[in-house]
Amino acid sequence: MLSREKGEIFMKKFVVQLLVFVLAITAVTPVLAENTDGLQNAILAVKSRIEIPLEYSKFTNDTIVSDSGMNTYSMQWSTSKDDADNYSYIRVVIDQNGNITNYSKGDSSYAYYDDIKLPKYSSEEIKQIGYEFFSKLNPDLIPEFTTDEIR
């Protein structure tokens, strides 16, 4: 009789643990699905506005959730490292509303070249180049800005 009681206690513990596990999984699954859908939408939004060359085949990402519940997706596409461990990359941060808030493109080589000079542009040319690039990244926000507002 004693072993039967132990068996019943074991079954009760097992059922309780199984229920806790099932409840935990069902609570987490919608969040994971939402993050995956959000990331896929973010990738599509970025690729519709920025050309990612085929050789940038390595992809990493991170989802950041702010205190207010706003999702931000940080993504990086990069090339494979060459023999000297150099690689090129494109990094983009986009919020859940589709606004690109950060963009950078570069490479990992930090060589310093004395003979490289910055191109000379007038302030108007710089404003125009920046405005055109911003309008490519965030076309929905362009009506809120004019080149006159940029100082």
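Some ground rules for myself. This is a predicted model, where local features need pLDDT of at least 70 and side-chain atom pairs count only at pLDDT 80 or more, while totals for chains, interfaces and linings use all residues. Residues are numbered from 1 along each chain as its sequence is written, and side-chain values use heavy atoms, leaving out hydrogens and water. Strands (E, at least two residues) and helices (H or I, at least four) are DSSP runs numbered from the N terminus. Two strands pair if DSSP finds at least two bridges between them.

**Entry: strand 3**

I looked up the neighbours of strand 3 next. Strand 2 (residues 71-78) is joined to strand 3 (residues 88-95) by seven bridges, and the two run antiparallel. Seven bridges also join strand 3 to strand 4, again antiparallel. I followed Y89 across: its bridge partner is S78 on one side, and G106 in strand 4 on the other. Six of the eight residues of strand 3 are buried (under 20% relative accessible area; exposed is over 50%, partly exposed in between, with a 1.4 Å probe and protein chains only). In the hairpin of strands 3 and 4, with four residues between the strands, G98 takes a positive phi near 90°.

**Entry: T79**

Where does T79 sit? I found T79 in the loop between strand 2 and strand 3. T79 counts as buried because its relative accessibility is 14%. A polar atom of its side chain lies 2.9 Å from the backbone nitrogen of S88. Leaving out residues up to four places away in sequence, T79 touches E55, Y56, K58, Y87 and S88 (contact means heavy atoms within 4.5 Å).

**Entry: N138**

N138 comes in the segment after helix 2 (123-137). Is N138 buried or exposed? N138 is buried, with a relative accessible area of 3%. Its side chain makes a polar contact with the side chain of R49 at 3.4 Å (a pair of N or O atoms within 3.5 Å, one able to donate a hydrogen and the other to accept it within protein; residues adjacent in sequence count only if both atoms are side-chain atoms). A polar atom of the N138 side chain also lies 2.7 Å from the backbone nitrogen of I100.
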